[in-house]
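Here are my notes on this one, in the order I'd go through them at the screen. Have the model open while you read.

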Amino acid sequence: MSQEESLLKRLAGPSSGKAGLSEDQARINRIIADASKGSKFYENEKKKDKELTERINRLLAHLDELLKHADLKKLEASADRHLEELEAQRDLSQYIVHVDMDSFYASVELLDNPTLAGKPFAVGGGVISTASYDARKYGVRSGMAGFVAKKLCPDLIFVKTNFPRYSEFSRQVMDICRQYDQDMAVAGMDEGYMNITAYCEKHQLDPETCVKQIRERVEKETKLTMSAGIAPTKTLAKVCSDRNKPNGQYFLGFERDLVLAFLRDLPIRKIPGIGRVNERLLDSIGIKKCGDIYDHRATLMLLDKQFDVDSMFRTYLGITSNVVAPGQREERKSVGVETTFSAISDPERLLEKLKDIAMDLESDLERTGWAGRTVTLKYKLDTFETFTRAKSMDRWITKEADLFAIGKELLVNEFPLTLRLLGLRVTKLKDLRASEEKGIKRFFQHGDSSPPKKRTKLSGDPNHDTRTGDTETELIDITSEDDMDTITKTEYDEPQGNEIHNSKAIADHPTTPPPKFPERWTRPASARRSAQKAVASSSISPSKPPAQSKLVFPAKSTKLAGPSSSNGPFSRHSGAVRAEPKEKHTCPICSKQMTLTNAELNAHIDFCLSRDVIQQARG
């Protein structure tokens, strides 16, 4: 691929292969290049493409050196053994389905405004979130700058986003899907994975009939259309769901030869997770289609660190995960909000934007039940370069005031700036919905005492600044609904997406508000260790903490008759009730000195740990 071809393809954007787009993509690419030439966007894309070309040249030079001493026959034999081992893992027993709503945002807008029917329109403004199929015929697509879209389609109509409305429809769709697989994995507001094997067996349905039934129900109940792919794995199902869009489905036969034949001529770019950068890197060593992986298996063995041989061989064979399950809360790495806007340089207006983001982020943290200790500011310049700044705290952050104060500190240090995107995200999370552990055990285990990580450059985007913060994953700019296809687990470790964005809110159901824990339960680890040593030295055993409803504590002077529990201040001995001796103790929590029995001290410690909860229960 020449430098000019590469730049034209890069300017076309990550969604240039979406269903419904004009077939004359080469002409569209030239129009996009001409429309953006001279702009800051054009110059930034040109810069990144040049850097990628230099990276490719270094890779090829490295490969040439490796080939001088390589035994290709031996490498191919080793690759073949690896392929045989992977083949033994092939599982064709599960009916995996990827469902994807058709032009979701645009379809919802069309329902609310039927006058848009037959007209080219796009949801969004400065950057397009979704384009209607009428607009896609002109080459308009998600993630495209509005002024470029106007060049392609002068009659294009812009419609403002309405996320609450999209969330409403998303919940309806997902509720229908869960009736066929209650453990479905939601992958975004408009898509998800299902395993319908059990449902088909129970109702004696073949998978194609079952999926057709799901799609018909969705259309009947929401007036929206859905496309679907049916295959043995999640990756294959996702590829298949794009085959008959819009409002169609594609069934990939559950036989090894059919899977290999399907993949043989499939462009490598169609594989989820392989974006524009990896496409060019693989193209440089001769891999354009999935079938080329086998022909170049020796080269891949040499470049395992660059391409991950196991992953590439699994792609060639079509042996990827077929495990469908909802994302687990403990897998979440961050919660964030970001927004794109027309270029702003006024500091006051930028701070207003930041305050709005902090308000939204506080709402998301409260709704989803998380707190965090590291706040990361993300911003994109009007030159389309993206940077991050981060700050870690020694306390848990959830409130707007704290989020805004930290974000403001990070942002003001960078002024003057002209920005087109701002975002905040919280990492180093604590789950506020975790079930409460009992007594002192919970007290000792809370908090994160690990030291901050060394500040390192984020991987991936060469335009990320090296002065980044305490973050572990690459930040990916999400500006559109359809761009979710380009997100891999590098950024999102959860099947459902690891980060919450205003522009990509994942549909969920109303949940119980998260509990508010006493501040002392999140005190520094050093304080917890001191308390732990104090309790250990006092030779006492943690007792069961008081319940949050009826709270009963031993009085200073207690008289009991009859049997008592082992935890009480009395014990039965030779048929007589005998009081336990009282001793002087120092509470490891409040440091108060008291003369108590062992059980009374246990109850007092539980009282100290649960004081805030007690106050809430007593109302």
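Predicted model: local features only at pLDDT ≥ 70, side-chain atom pairs only at ≥ 80, totals over all residues.

Which residues are exposed on the other side of helix 18? Glu 348, Glu 352 and Glu 366 are.

1. Overall picture. The protein has 619 residues, and 49% of them count as buried. Its secondary structure comes to 23 helices and 16 strands. If you take contacts between residues at least 6 apart in sequence, 68% of them join residues at least 24 apart.

2. Helix 18, length and faces. The 22 residues of this helix should span 32 Å at 1.5 Å a residue, and the end C-alpha atoms of helix 18 are 31 Å apart, so the two agree. The buried set in helix 18 is Leu 350, Leu 351, Leu 354, Ile 357, Ala 358, Leu 361, Glu 362, Asp 364, Leu 365 and Thr 368. Look down the axis of helix 18 and its buried residues fall within an arc of 165°, so they line one face of the helix. Note that Glu 362 and Asp 364 are in that buried set, while the exposed residues Glu 348, Glu 352 and Glu 366 sit on the other side.

3. What helix 18 packs on. Its buried residues pack against strand 9 (335-344), strand 10 (370-381), strand 11 (386-397), helix 19 (400-412) and strand 12 (419-431). Just after helix 18 comes Gly 369, with a positive phi of about 80°.

4. Arg 367 pairs with Asp 364, at 3.1 Å from N to O. Both residues belong to helix 18 (residues 347-368) and are three residues apart, about one turn of the helix.

5. Other salt bridges. There are 28 in the structure. Asp 283 and Lys 288 form one of them, with their closest N and O atoms 2.4 Å apart; Asp 283 counts as buried because its relative accessibility is 15%, under the 20% cut-off. Arg 395 and Asp 402 form another, at 3.2 Å between the closest N and O atoms. Here Arg 395 is partly exposed, at 38%, and Asp 402 is partly exposed too, at 21%.

6. The largest nonpolar core. This core has 41 residues, and Leu 300 and Phe 307 have the most contacts inside it. Elements that each supply at least two of its residues include helix 3 (40-68), helix 4 (72-87), strand 5 (185-188) and helix 13 (276-284). The largest share, five residues, comes from helix 17. Domain 1 (1-69 + 120-154) and domain 2 (96-119 + 155-254) each give this core at least three residues. Which residues does Phe 307 contact, leaving aside its neighbours within four places in sequence? They are Leu 59, Leu 281, Leu 282, Ile 285, Leu 300 and Met 312.

7. A second core. A separate core of 34 residues has Leu 116, Met 174, Met 194 and Ile 214 among its members.

8. Glu 338. This residue lies in strand 9 and counts as buried, at 5% relative accessibility. The C-alpha atoms of Glu 338 and Leu 424 are 6.3 Å apart, although 86 residues separate the two along the chain.

9. Backbone details to check. Most residues other than glycine have a negative phi, and most peptide bonds are trans. The bond from Lys 245 to Pro 246 is cis, with omega near -5°, and Pro 246 sits in the loop between helix 11 and strand 8 (249-251). The bond from Phe 415 to Pro 416 is also cis, with omega near 0°; Pro 416 is in the loop between helix 19 and strand 12.

10. Positive phi outside glycine. Gln 204 has a phi of about 50° and lies in the loop between helix 9 (197-203) and helix 10 (207-222), where Gln 204 counts as exposed at 75% relative accessibility. Phe 384 has a phi near 75° and is placed in the loop between strand 10 and strand 11, but Phe 384 counts as buried, at 17%.

Methods: Residues numbered from 1 in each chain as written. Heavy atoms only, no water. Salt bridge = Lys/Arg side-chain N within 4 Å of Asp/Glu carboxyl O. Buried < 20%, exposed > 50% of the residue type's maximum accessible area, 1.4 Å probe, protein only. Helix = DSSP H or I, 4+ residues; strand = E, 2+ residues; numbered from the N terminus. Core = buried A, V, L, I, M, F, W, Y, C linked by side-chain atoms within 4.5 Å. Domains from an automatic or database assignment. Contact = heavy atoms within 4.5 Å. Expected span 1.5 Å × (residues − 1). Arc of directions from axis to C-beta.
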